[in-house]
Number of protein chains: 2
Amino acid sequence: MSSSSPEVRVPFDDAYRAVRDAVGRLGITGERGDRCARLFVEATRDGVYSHGVERFPVFARSVRSGLVDVAASPELRAGSGTAIERWDGRRGPGNLNAWFAMDRAMALAREHGVGAVALGNTNHWMRGGSYGWQAVERGFLALCWSNTLPNTSGAGEPPVVGNNPLVVGLPRAAGPLVLDMALSQFSVGVMTGYAQRGERLPLPGGFDASGALTDDAAAVVSGGYGAAIGRWKGFALAVVLDAWAAMLSGGRATHELGTDPAQESGQTQFFLAVDPDAVSAPGERERMVDGIVAALKAAPSTAGGELRYPGEGTVRTRAENLDHGLPIRRETWDLIRSVE
Amino acid sequence: MSSSSPEVRVPFDDAYRAVRDAVGRLGITGERGDRCARLFVEATRDGVYSHGVERFPVFARSVRSGLVDVAASPELRAGSGTAIERWDGRRGPGNLNAWFAMDRAMALAREHGVGAVALGNTNHWMRGGSYGWQAVERGFLALCWSNTLPNTSGAGEPPVVGNNPLVVGLPRAAGPLVLDMALSQFSVGVMTGYAQRGERLPLPGGFDASGALTDDAAAVVSGGYGAAIGRWKGFALAVVLDAWAAMLSGGRATHELGTDPAQESGQTQFFLAVDPDAVSAPGERERMVDGIVAALKAAPSTAGGELRYPGEGTVRTRAENLDHGLPIRRETWDLIRSVE
């Protein structure tokens, strides 16, 4: 983990207990507290540091400021007897709401083969990949996304689209495939790291203040904008994912989420789950995905090593962090244990 | 339309009748012939020239060589009473199979709110956007994709993933949103055009033979490889879309489709449709999408004009081509009228 604060290594169980106590002091208790803490700690365990316990201080501030209502649970607004439902997140904790929504999508998929949930009026779901892992660990395929406030540029224009994270999960006995990616080429955190180290980005991944495409990380983070993947293609994908989730949930679109990241609230999300047993046999689909992975592994890579599938690195990082303890910035760890 | 052959302008109805007669002579008659011809001609009408009637000669060769079985219709393989079904395309005409699959997904969505079809053993679906328009014109949201043979590189390695076209459609009274994009930054056709004109690509969109990222179109098309959008991100997205469709359909994955574009057959596809009436009211969702479009239109663009939503340009091109006739290369037009 890159960090400007000294780092501690905390055993998983200790981190979990500390975060569970901390969210309890914020008012999230019982099973909801267990789940909320687990989502924070597992993101750090899996190497998604920016959206794990390092994000807890932001979450705590959002609770204090009223952006997140710790007591709120989703309420059903539409869809009855169908394989799609619409839920109002009521500005509850974003990770609990998203977990609930994927759980509902899976319940609908168990019944109908495929299930979908449109969720409006929620909050930042933290690590999107959590909901992909949630599904694949229970044998489901999953596709979900969230909108965000406008933070990504297609061609150098001031942002009007979000970097709308997109998650795709596929169960597999020998290691599931879980893609968790934002539609921007680099996160602000990654670009800030390059800028601080005085390094160029590995490819032009943003625009400077004049709107010119650049690999100068410092120029992007100071007055410029991050670029959408594939520029006009990622821009267009961001537009339709935002519109899809908003029109089905009745929730806020990107342009209705304001422009201040510290005030971002009321996001809109969409969750799809498929029960593969509805159309295929386990042995057949394991062979299918094993074959895809084997083809990747047999192919030459530019780095000389093996090409990796989405989710492969996660399992490796998870094992390392379980062995050596979760890396947590000292000041974050202190805050977690002291938050009131 | 960029072209090395002189071009004729053919009224829509004349083009439709000529293509219908031509597909009839290939053995596709009756309603199937009408539909097949319409899909070719409407793609050209809408400006997707490479996948409209200009592709008819390739299609005719595929029929002659036996890659496409004009007599084959999809057969149901799994899924009964559920909202997801698995169909075997039996190597029938790819556009007819894809149309059928989206039609089935919509029928399932009418019943369950959401419907999905996994289609294996099919053929090139020509213009993917056709199936997005098919859905939005009937009031459905649509998400679908196809795999392709390996033709796209993430980091300069020889291709192991396809450029798997991805389509997202959203109905809207004042103009639907339809995204139709491959996961490669540029098509081979577009890059060849830049190379022939001696122009650089507008951004590094491929790799040269040594695997270096470049904006030199000639270096990409002669021995290099097209780049995935967002490089490792588009690469990873291509992997999971391929695996998703293959594991549910039992059809071929990208690595099983060979490497010769002239022999590409047996593709695998996935179709999802949502009936928005299941969870939202028409007036509410029209306002929602109108608001998103209005926000785009109000934002500054780098070109000085308006930002466009996916599908907006299609409607404009369609009107122009209906006014002035469809632009068709003279040699294609001659072949369509003479094919036996």
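## A tour of two chains and their contact

Start with both chains on screen: 66 residues from chain B and 66 residues from chain A make up the contact. Two residues count as in contact if their C-beta atoms, placed from the backbone, lie within 7 Å. Before you click on, note that this is a predicted model, where local features need pLDDT of at least 70, side-chain atom pairs count only at pLDDT 80 or more, and totals for chains, interfaces and linings use all residues. Residues are numbered from 1 along each chain as its sequence is written, and chains are lettered from A and ligands numbered from 1 in the order in which they are written.

**Stop 1: chain B's side of the contact.** Select strands E3 (84-88), E4 (114-122), E7 (166-170) and E8 (177-181) of chain B, plus helices H8 (232-249) and H9 (282-298) of chain B; these are the elements giving two or more residues to the side that touches chain A. (Helices, H or I with at least four residues, and strands, E with at least two, are DSSP runs numbered from the N terminus.) Which element gives the most? H8(B) does, with twelve residues. Now colour this side of chain B by class: you get 43 nonpolar, 15 polar and eight charged residues. Here Ala, Val, Leu, Ile, Met, Phe, Trp, Tyr, Cys and Pro count as nonpolar, Asp, Glu, Lys and Arg as charged, and the others, Gly among them, as polar.

**Stop 2: the symmetry.** Superpose chain B on chain A: a rotation of 180° with 0.0 Å of shift along its axis does it, with RMSD 0.0 Å. That is how a two-fold axis relates copies.

**Stop 3: a helix pair.** Go to H1 (residues 12-25) and H2 (residues 30-45) of chain B, whose axes come within 8 Å and cross at roughly 135°. (Axes are lines fitted to C-alpha atoms, for helices over the stretch in contact, and angles run from 0 to 180 degrees between N-to-C directions.) That makes H1(B) oblique to H2(B); angles under 35 degrees count as roughly parallel, over 145 as roughly antiparallel, 65 to 115 as roughly perpendicular and the rest as oblique. Show side chains where they meet: among them are B:Phe12, B:Tyr16 and B:Val19 in H1(B), and B:Cys36, B:Phe40 and B:Val41 in H2(B). By class, this contact of H1(B) with H2(B) has nine nonpolar, two polar and four charged residues.

Key: Copies are superposed by least squares on the C-alpha atoms of residues with pLDDT of at least 70 in both.
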